[in-house]
Amino acid sequence: MKSLLRAIPPVHELKKHEQFQKLQRKYLIEEERLTALLRDALSDARHHLLSGKWQGEQPGTEAFISKLFARLENRLNNKFLYRLKRVINATGTVLHTNLGRAVLSEEAVRHVMNIASNYSNLEYDLESGKRGSRHSHIEEWIKEMTGAEAAMVVNNNAAAVYFILKALAKGKEVIVSRGQLVEIGGSFRVSSIMEESGAILREVGTTNKTHLSDYENSINENTSMIMKVHTSNFKIIGFTKNVESEKLIELSRKHDHIIYYEDLGSGVLYDLPIGEEPLVQEVIKKGADLVSFSGDKLLGGPQAGIIAGKKYLIDRLKKHQLARVLRVDKMTLAALEATLAEYVSEKRAAGTIPVLKDLLVSEQELNKKAQILANMINDEVPSISAIIEKDESTIGGGSLPEETMPTYTVVLDHFPMSAESLHKSLRTQSPSVVARIRKDKLIFDVRTIREKELAEIKDALKRIFT
């Protein structure tokens with residue numbers, strides 16, 4: 001064992017090796033940092049030799065040195081390659097929270113690149129030559145698409161809820177139905193957000209039934225707001241009762257000091273043929289004082305919390321200290337502006353925004369895409385059998401709970417490993433492929449697979465099985 005350890009070349013010799021120089025050039029890494037990683041790799045090699053776990057060539061040989069540098073490069077990849085990686089979403093879940101939710105439109109990506117790679121008029125008024133407001137760029141688009149008097153954007157919808165309550169209802173009562181105290185992703189609860197904001201939660205009704213009289217009987221001189229939360233991520237079915245927005249708006253109008261605020265959650269500008277998500281513009285038209293909704297769900301844009309409504313309330317929010325804390329950056333504004341611009345017409349939005357395209361795609365198109373993928377796999381990966389089956393896709397992202405859409409899937413069967421092992425191999429490819437597993441069969445739902453990605457999935461399978 002001692003002779004084996006003595007045969008390991010010292011660090012100063014390995015630094016002269018062409019592989020060391022090659023790695024330094026490839027990763028543009030400082031010599032001192034690369035040397036430290038080389039020492040770590042040598043330490044691991046010694047430890048494995050002493051423990052009998054070393055599986056490789058004898059120390060001192062060129063093969064040993066090659067393996068050592070291969071391990072060093074693996075360390076470099078783990079430390080210095082990007083953690084955020086492109087993933088092919090073969091799950092069929094359109095708004096997959098774990099995979100980044102909405103995919104941006106091509107125009108949104110172009111606009112972000114243009115703004116991010118150049119100087120911009122983020123807070124500069126080009127006409128007057130004086131300081132401008134970052135709110136102005138996006139506000140006109142939101143007003144145009146929703147009919148609101150004014151608008152602003154914060155970093156997500158949970159922040160929008162907190163901000164509205166903190167700025168407009170701190171120390172005062174906010175009436176909300178007990179059946180609408182939802183828990184959103186990451187164990188964040190509307191009730192907890194309200195408590196953190198300093199607003200006083202006034203629960204009314206029961207879990208399944210809330211009447212207008214429940215709201216009426218709870219109003220007092222300390223009531224600041226009636227809040228309605230759209231339950232995007234769950235459904236209560238059976239013996240239920242909710243109060244319509246129109247009646248709550250009418251009730252708030254009877255009291256000059258009460259604001260009517262509706263948290264719409266997902267936020268829909270396109271009249272989808274599935275589900276019962278309220279259109280933002282319709283809620284504004286009914287007379288809501290404020291609404292808030294997400295940018296990266298059914299809207300199809302970047303992560304953002306959009307606040308729209310009466311100008312006098314939006315002006316108060318803009319002047320609040322939290323407006324700076326929660327503001328979004330130029331790239332988010334660029335992506336959101338370009339996304340909203342697609343809604344100039346419903347036809348244009350349906351053809352350019354990936355979320356809408358995936359939700360509205362026909363079964364015929366899905367079947368055609370599944371046929372292409374199945375044929376590719378069967379023709380070029382002989383160790384796998386790929387068949388086409390009808391299935392159901394989900395929307396995801398806490399939107400349209402229990403709503404599914406008919407889809408076509410490519411199901412892999414009769415391959416020489418478990419479905420879990422194959423899935424892991426696909427996830428570690430570049431690009432990564434994430435699919436579904438059912439009864440030890442791997443399933444590709446083509447709804448969320450782009451045309452260009454079909455060949456990439458086939459190539460990933462070929463690399464695994466050849």
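Is Glu456 buried or partly exposed? Glu456 is partly exposed, with a relative accessible area of 24%. The legends below describe close-up views of a predicted model.

**View 1. Arg86 and Glu456 form a salt bridge.** The closest N and O atoms of the pair are 2.5 Å apart. The two residues come from distant parts of the chain, 370 residues apart. Arg86 sits in the loop between α5 (62–80) and β1 (87–89). Glu456 belongs to helix α20 (residues 451–465). Arg86 has a relative accessible area of 39%, so it is partly exposed. Glu456, at 24%, is partly exposed too.

**View 2. Lys462 pairs with Glu380 in a salt bridge.** Here the closest N and O atoms lie 3.3 Å apart. Lys462 counts as partly exposed because its relative accessibility is 28%. Glu380 counts as partly exposed as well, at 35%.

**View 3. Asp391 and Arg436 form a salt bridge between two strands.** The closest N and O atoms are 3.0 Å apart. Asp391 lies in strand β13 (residues 385–394) and Arg436 in strand β16 (residues 436–438), so parts 45 residues apart in sequence are tied together. Both Asp391 and Arg436 are buried.

**View 4. Four charged residues share one salt-bridge network.** The members are Glu123, Arg131, Arg134 and Arg327. Salt bridges with shared partners join them. Across the whole structure, a search finds 30 salt bridges.

**View 5. Seven strands make an open sheet.** The strand order is β4-β12-β11-β10-β9-β5-β8. Pairing is mixed. β4 (150–154) and β8 are the edge strands; each has a single partner, so one side of each lacks a neighbour in the sheet. On average, neighbouring strands are turned by 20 degrees against each other, direction ignored.

**View 6. Strands β9 and β10 run parallel within the sheet.** Strand β9 covers residues 223–229, and strand β10 covers residues 259–265. Five bridges join them. Where does Met227 find its bridge partner in β10? The partner is Tyr261.

**View 7. Thr210 is buried in a loop.** The loop runs between β8 (200–204) and α10 (212–218). How buried is Thr210? Its relative accessibility is 2%, so it counts as buried. The side chains of Thr210 and Ser177 are joined by a polar contact of 2.7 Å. Leaving aside residues up to four places away in sequence, Thr210 touches Ser177, Val204, Gly205, Tyr215, Lys241, Asn242 and Val243.

Technical notes. Residues are numbered from 1 along each chain as its sequence is written. This is a predicted model: local features need pLDDT of at least 70, side-chain atom pairs count only at pLDDT 80 or more; totals for chains, interfaces and linings use all residues. Side-chain values use heavy atoms; hydrogens and water are left out. Helices (H or I, at least four residues) and strands (E, at least two) are DSSP runs, numbered from the N terminus. Buried means under 20% relative accessible area, exposed over 50%, partly exposed in between (1.4 Å probe, protein chains only). A polar contact is a pair of N or O atoms within 3.5 Å; within protein, one must be able to donate a hydrogen and the other to accept it, and residues adjacent in sequence count only if both atoms are side-chain atoms. Contact means heavy atoms within 4.5 Å. Two strands pair if DSSP finds at least two bridges between them. Axes are lines fitted to C-alpha atoms, for helices over the stretch in contact, and angles run from 0 to 180 degrees between N-to-C directions. A salt bridge is a side-chain nitrogen of Lys or Arg within 4 Å of a carboxyl oxygen of Asp or Glu.
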